[in-house]
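Trainee: I'd like to go through this model with you, term by term. Can we start with what counts as buried?

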Amino acid sequence: MTNQSFFAPFLNAGLFAVIILSILLLMSIISWAIFFRKIRQFRRARSQTRALLENFNIRRELTSLSELSKLFPASPLVPLLTAAIEEWQVLRNEFSNHNREDNLNLLVPNITEAMERAASRTLEQLESSLPFLAITTMVAPFLGLLGTVQGVLRTFLSLRGAQLPTLQLIAPGISDALVTTVMGLLVAIPAALFYNYFVGQARNLEGEMDRFISELTGIFRLEACRVSSLENQNTDAK
C-alpha cells in the first residue's frame, strides 16, 4: 500500500493516535452491530403490530384475544395483552369469595395499571442499547478532538530547536491531528443518525401501546359490566 493511499495516515499514525483510533474503531463496530440488531427488532415489531391490530379489530371478544399473543409474539402489544388477561383471571378468582359486585368495579383500574407496567418494561427493552449510541454521538467527536490537539502539540514539539521547519517535521503531527478528527466524525455521525431513527421508532410504538391500553381498558370495562349483570340476574333468580 503506497504512502498516498487513503489508509496511509491511519497506518502511519503515532502511538497516541493509534490508541484513539482503536477506541473509535471499537465504538464504530459496536454501533453498527446495534444498528443491524435493532433494525431487525423494530422491523419485526412494526410488521407484527400491524397484523395484530388488524386481527384485534376483528376479534374483540375477550376469549379470543389470548390467541393473538401466540400469533404475533414479536409485537410490543403482546406483553400488554398478556398482562391484562392474566390480571383479569387472577383478580376474578381472588374476588370470587368476596363481595363480587363491588370488587368487579376494581378490576378495570388494576388491569390498566398492569398494562402500564408491562408497557414500561416493553419500552425499556425496545430502547435497550440506545444509550450507547447516544454516548458514542457525544464522545466520539471529543476523542477525535483530543487526537487533534495531541497531533498539533506533537507538531510544535517536533519544531522545537529546529532552525528551519520542514515538511518532514510537520507532516506526522498534522496527519495525526486530521486522521483522528476524520475518524471521530465517521463514528459520531452514523451513531447520531441511528440513535434518532430508533428513538423515533420507539416513540411511534409507544403511541401504539398507549392507544392499545385505552382500547383494552374499554373492552375489560364492558366485560366487567357484563359479568356484574350476570351476577345480579343469578342473585335475583335465587
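Mentor: Buried means under 20% relative accessible area, exposed means over 50%, and partly exposed is in between, using a 1.4 Å probe and protein chains only. By that cut-off, buried residues make up 39% of the 238 residues in the chain. Keep in mind that this is a predicted model, where local features need pLDDT of at least 70, side-chain atom pairs count only at pLDDT 80 or more, and totals for chains, interfaces and linings use all residues. Residues are numbered from 1 along each chain as its sequence is written, and side-chain values use heavy atoms, with hydrogens and water left out.

Trainee: How many helices and strands are there in the chain?

Mentor: Seven helices and zero strands. Helices are DSSP runs of H or I with at least four residues, strands are E runs of at least two, and both are numbered from the N terminus.

Trainee: What makes a set of residues a nonpolar core?

Mentor: They must be buried Ala, Val, Leu, Ile, Met, Phe, Trp, Tyr or Cys residues, joined through side-chain atoms within 4.5 Å. The largest such core has 43 residues, and Leu65, Phe212 and Leu216 touch the most other members. Helix 7 gives the most to this core, with twelve residues. There's also a second, separate core of twelve residues, including Ala17, Leu24, Val187 and Ala188.

Trainee: Which residues does leucine 216 touch?

Mentor: Leaving out residues up to four places away in sequence, Leu216 touches Phe56, Leu65, Leu81, Ala84 and Met115.

How values were computed:
Contact = heavy atoms within 4.5 Å.
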